[in-house]
Amino acid sequence: MLVILGLLTSFFSLLYVTGPSIRKFFAGGVCKTNTQLPGKVVVITGANTGIGKETARELARRGARVYIACRDVLKGESAASDIRADTKNSQVLVRKLDLSDTKSIRAFAEGFLAEEKQLHILINNAGVMLCPYSKTADGFETHLGVNHLGHFLLTHLLLGRLKESAPARVVNLSSVVHHVGKIRFHDLQGEKRYCSGLAYCHSKLANVLFTRELAKRLQGTGVTTYAVHPGIVSSELVRHSFLLCLFWRLFSPFVKTTREGAQTSLHCALAEGLEPLSGKYFSDCKRTWVSPRARNNKTAERLWNVSCELLGIQWE
């Protein structure tokens, strides 16, 4: 027992001493563009906390009119107040958006389109992770419904405004765990077999495939799209897992802060010359490889068609 305690003490002492160097290594890429955004309009889902909030903060700092679209309006207002005070940009607004309810998504889009004549950047940032089995208001498995179908519908409803405002960009937050994911068309709702961890992985693969197919359909419109792995980030996303929360605390030197996690989203939203890379997947502010399943065009097209059927929409 004393030997184990000694080893643990040595390990954490080493982490403490080498912490700054480790933090610098794991911080990842940094968005280096100086692009300013006066007169530009941005919508970010789930920007009341975590990566989304830091993304909103930086875009507001650059002069954009930023809409924080989130389920918890009180948290959203608190985040917006903090960002306005920090950036001296009064144009940080909060609007109700519950991605687990298509009625809420449609209501948000209707209100936004009535309020704004332009939209230059849409960042589909919100997400859920490791949820016990449950279904959305429309009967979709929660990970699929929120992480994929909710953003699929939102993008569909706002795409006309994006095209009118071109050049414009859509950034979809995915994850490296898409490599583990699989689109199980025979059991999309997880009713036959369910694992919360795998359900999250499947939804993140759906994000990459959506980005791939969306880019193909947007060719020539001036609207481009990118999928993003933000890195392993300390955020509220792991709140449903006690073990992950504990892991995050124990190994914090290896985990990105929310500000560091926002860098690749910012890069894909702002960096010049990314247009030829529409549909690609980025990590640490550079293009990186995806799983073979994420490169399957037939799966991407089929998922697109099935998503339209589930949502009852026709996408031209």
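Student: Is Lys53 buried or exposed?

Tutor: Lys53 counts as buried, because its relative accessibility is 19% and buried means under 20% relative accessible area, with exposed over 50% and partly exposed in between (1.4 Å probe, protein chains only). This is a predicted model, where local features need pLDDT of at least 70, side-chain atom pairs count only at pLDDT 80 or more, and totals for chains, interfaces and linings use all residues. Residues are numbered from 1 along each chain as its sequence is written, and side-chain values use heavy atoms, with hydrogens and water left out.

Student: Ok. Where does Lys53 lie?

Tutor: In helix H2, residues 50-61. Helices (H or I, at least four residues) and strands (E, at least two) are DSSP runs, numbered from the N terminus.

Student: And what is Lys53 in contact with, leaving aside neighbours within four places in sequence?

Tutor: Ala47, Asn48, Ala79, Asp82 and Ile83. Contact means heavy atoms within 4.5 Å.

Student: Asp82 is on that list. Which side chain meets Asp82 in a salt bridge?

Tutor: The side chain of Arg57 does, at 3.0 Å, N to O. Arg57 lies in helix H2 and Asp82 in helix H3 (residues 73-87), so the pair ties together parts that are 25 residues apart in sequence. A salt bridge here is a side-chain nitrogen of Lys or Arg within 4 Å of a carboxyl oxygen of Asp or Glu.

Student: What about Glu164 and Arg161?

Tutor: Their side chains also meet in a salt bridge, 3.0 Å from N to O. Both residues lie in helix H5 (residues 142-164), three residues apart, about one turn of the helix. Glu164 is exposed at 59%, and Arg161 is buried at 13%.

Student: Which residues do salt bridges with shared partners join into one network?

Tutor: Lys53, Glu54, Arg57, Glu58, Arg61, Arg62, Asp82 and Asp86.

Student: New topic. Which residues touch the most other members of the largest nonpolar core?

Tutor: Val43, Phe108, Phe112, Phe152, Leu158, Leu162 and Trp315, out of 50 residues in that core. A nonpolar core is a set of buried Ala, Val, Leu, Ile, Met, Phe, Trp, Tyr and Cys residues joined through side-chain atoms within 4.5 Å. The largest share of this core, nine residues, comes from H5.

Student: What does Phe108 contact, apart from neighbours within four places in sequence?

Tutor: Val43, Ala69, Arg95, Lys96, Leu97, Leu154 and Leu158. There is also a second, separate core of 33 residues, which includes Cys31, Leu37, Val42 and Val228.

Student: And the whole chain: how many helices and strands?

Tutor: Ten helices and eight strands. Of the 316 residues of the protein chain, 54% count as buried.
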